[in-house]
Amino acid sequence: MRFLLLCGVLLWASGGAQERPIHWLQRALQAEGSLTVAGVRVTELQVGRSVRRMEERFWRQGAQAERIEILAPPERRGEVLLLRDGKWLAFQPRTKEAFELPEKLPQGTMLLRKAIEWVQAGALQAELLPDTTVLGRDCAVVRLSRARPPRGRPELSPKPPHFPAHMTLWIDKETGVILRYESSVHPNAPVLRMEITRLELNPRLAPDLFTLPSGVTVRPLSGEYKSVEEAQRAVPFSIRVPRYLPAGATLERVLVRRRLTDNAPMVILHYRTPNARFSVFQTHQLGDGEFEPPGRHTRRLSVRFWRDGDYRFGVVGNLPQAEIERIAHSLNRTNP
Amino acid sequence: MNCTRYARWFWDDLEGRLSAAQAQELRAHVQACPRCQRQWEAARATYQALRGLPRLRAPERLIQQTRARIRAASTPKPVAAWWKRVALAPALGILAAAAWWGWLAINSAIMHPDTMASQNTENWVELHEQLELADWSPTPTPRYFITTGYTR
């Protein structure tokens with residue numbers, strides 16, 4: 001009788017445990033790292049009225065290899081992203097050039113590891129929403145949000161992680177594959193959505209699917225640089241770096257953007273502090289174009305745009321306006 | 001809806017006069033239709049070029065003459081037959097609408113060049129937000145597109 005009771009308790013406990021959100025996250029992590037899947041997925045970046053829609057075919061062999069073929073936007077159709085030996089390469093099948101993408105590219109496994117770590121540390125709150133169906137498959141819906149400190153005891157709260165305000169994952173109950181994903185960096189802010197619209201489990205993969213065609217030369221991807229010094233070689237003007245940075249700020253990435261419609265390249269220095277992010281934009285253009293709109297707040301971002309000689313600057317971030325102004329001030333040549 | 005109708009929305013979109021739903025619908029179509037995408041890029045380039053024109057003020061004499069003519073044109077005239085007035089009303093309505101639309105276009109394109117900057121700065125805010133978001137994507141594609149430009 002005792003044995004039966006014990007078995008019952010164990011069964012109940014394991015069943016209950018399975019329903020805990022963190023176990024679904026662990027299941028998803030396991031699936032990301034081990035399953036072979038293929039299909040089509042759509043990712044959307046929605047910022048205000050603007051929606052960037054990306055559609056792609058993908059083939060994934062656990063965490064070891066992945067191939068992505070772009071379907072939309074039409075201008076980028078046919079471009080291939082290839083994960084091999086832990087590095088992402090981008091290439092167009094018609095050309096003999098491939099570009100190595102910068103390190104630390106986001107991936108499902110990294111995302112899930114962080115989420116699990118922070119849920120276990122109590123910095124993230126995970127809750128199960130009612131089950132739904134995606135692609136005709138039953139899904140557990142896990143919603144993650146930053147944990148609030150206990151009332152009146154902020155000292156008991158763990159250090160808030162750098163994590164979106166909300167993240168929701170629709171995890172296939174049978175396989176653990178994330179079929180739908182949505183995150184928002186801040187409440188009522190831009191949203192990132194991903195949804196798998198076609199899924200094949202254990203597809204037959206062509207042997208050369210994850211290999212580069214022969215004769216392809218690999219170069220670093222121009223546009224993203226590890227340091228200002230590296231980016232400096234790619235732009236015809238002297239990149240200015242803020243002399244003042246808030247405490248704990250580190251330079252996360254340096255981007256140089258060139259578009260046909262722009263007259264000059266634009267440099268973006270993207271910084272992170274323990275609690276915030278901000279970007280410093282700069283272009284250089286000879287002449288007296290108008291560029292002096294008043295500094296203004298968006299709903300959650302502080303911004304400052306101005307001109308200094310032939311430079312146009314912008315500082316955007318979720319820092320107090322006074323901090324943004326200090327950073328801006330330190331970029332001007334005339335200031336000590 | 002066909003391409004012609006979407007093409008009519010280009011300028012409204014550039015002026016920010018479309019509703020959120022319309023703007024989203026237009027974006028989706030432009031992304032899916034290479035022809036419209038080329039036309040939209042051309043319209044945007046033209047729009048930006050117009051906004052880049054220097055702000056010029058008409059000579060004071062020309063302003064005075066134009067105002068005098070407007071005043072003269074608005075003085076009451078002998079009343080025409082009632083049927084003429086009825087026929088004239090819709091024509092005047094159309095003319096007024098066209099003039100108003102034209103005034104809006106010119107006003108926002110040339111008389112307020114700082115709106116050019118605000119358009120740029122909007123893009124910068126948008127880029128910053130995209131950078132933040134892309135780091136939390138389960139796939140590398142958004143980050144790749146932000147680095148290389150969404151449409152190159």
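How many residue pairs are in polar contact between chain A and chain B, both at pLDDT 80 or more? The count is 10; a polar contact is a pair of N or O atoms within 3.5 Å, where within protein one must be able to donate a hydrogen and the other to accept it, and residues adjacent in sequence count only if both atoms are side-chain atoms.

Before you click around, note that this is a predicted model, in which local features need pLDDT of at least 70, side-chain atom pairs count only at pLDDT 80 or more, and totals for chains, interfaces and linings use all residues. Residues are numbered from 1 along each chain as its sequence is written, chains are lettered from A and ligands numbered from 1 in the order in which they are written, and side-chain values use heavy atoms, with hydrogens and water left out.

**Stop 1: where the chains meet**

Show both chains. Here 77 residues of chain A are in contact with 49 residues of chain B, contact meaning heavy atoms within 4.5 Å. About 5,900 Å² is buried between them, with carbon and sulfur atoms giving 64%; this buried area is the accessible area (1.4 Å probe) that two parts lose on being put together, summed over both.

Now select Arg253(A) and Asp135(B), whose side chains meet in a salt bridge (2.6 Å, N to O). On the side of chain A that touches chain B, strand β2 (residues 50-61) gives the most, with six residues. Helices (H or I, at least four residues) and strands (E, at least two) are DSSP runs, numbered from the N terminus.

**Stop 2: chain B**

Chain B has seven helices and zero strands. Of its 152 residues, 37% are buried, where buried means under 20% relative accessible area, exposed over 50%, and partly exposed in between (1.4 Å probe, protein chains only).

**Stop 3**

Bring chain A back and select residues 166-172. Six of the seven residues of this strand, β9(A), are buried, so it is largely enclosed by the rest of the structure. On one pairing, seven bridges join β9(A) to strand β8 (residues 137-146), running antiparallel; two strands pair if DSSP finds at least two bridges between them. Look for Ser145(A), whose bridge partner in β9(A) is His166(A).

β9(A) also pairs with strand β10 (residues 178-184) over six bridges, again in the antiparallel sense. The hairpin of these two strands has five residues between them, and Gly176(A) takes a positive phi near 90 degrees.

Is Thr168(A) buried or exposed? With 8% relative accessibility, Thr168(A) counts as buried. Thr168(A) stands opposite Glu182(A) in β10(A). Leaving aside residues up to four places away in sequence, Thr168(A) touches several residues, among them Leu129(A), Val141(A) and Tyr181(A).

**Stop 4: an exposed glycine**

Next, pick Gly86(A), in the loop between β4 (80-84) and β5 (87-91) of chain A. Gly86(A) is exposed, with a relative accessible area of 65%.

**Stop 5: a six-stranded sheet**

Finish with the open sheet of six strands in chain A, ordered β13-β14-β15-β16-β18-β17 with antiparallel pairing. Its edge strands are β13 (224-225) and β17 (302-308), each pairing on one side only. Within the sheet, seven bridges link β15 (residues 266-272) and β16 (residues 277-284) of chain A. Zoom in on Leu269(A), which stands opposite Val280(A) in β16(A).

Terms used:
Salt bridge = Lys/Arg side-chain N within 4 Å of Asp/Glu carboxyl O.
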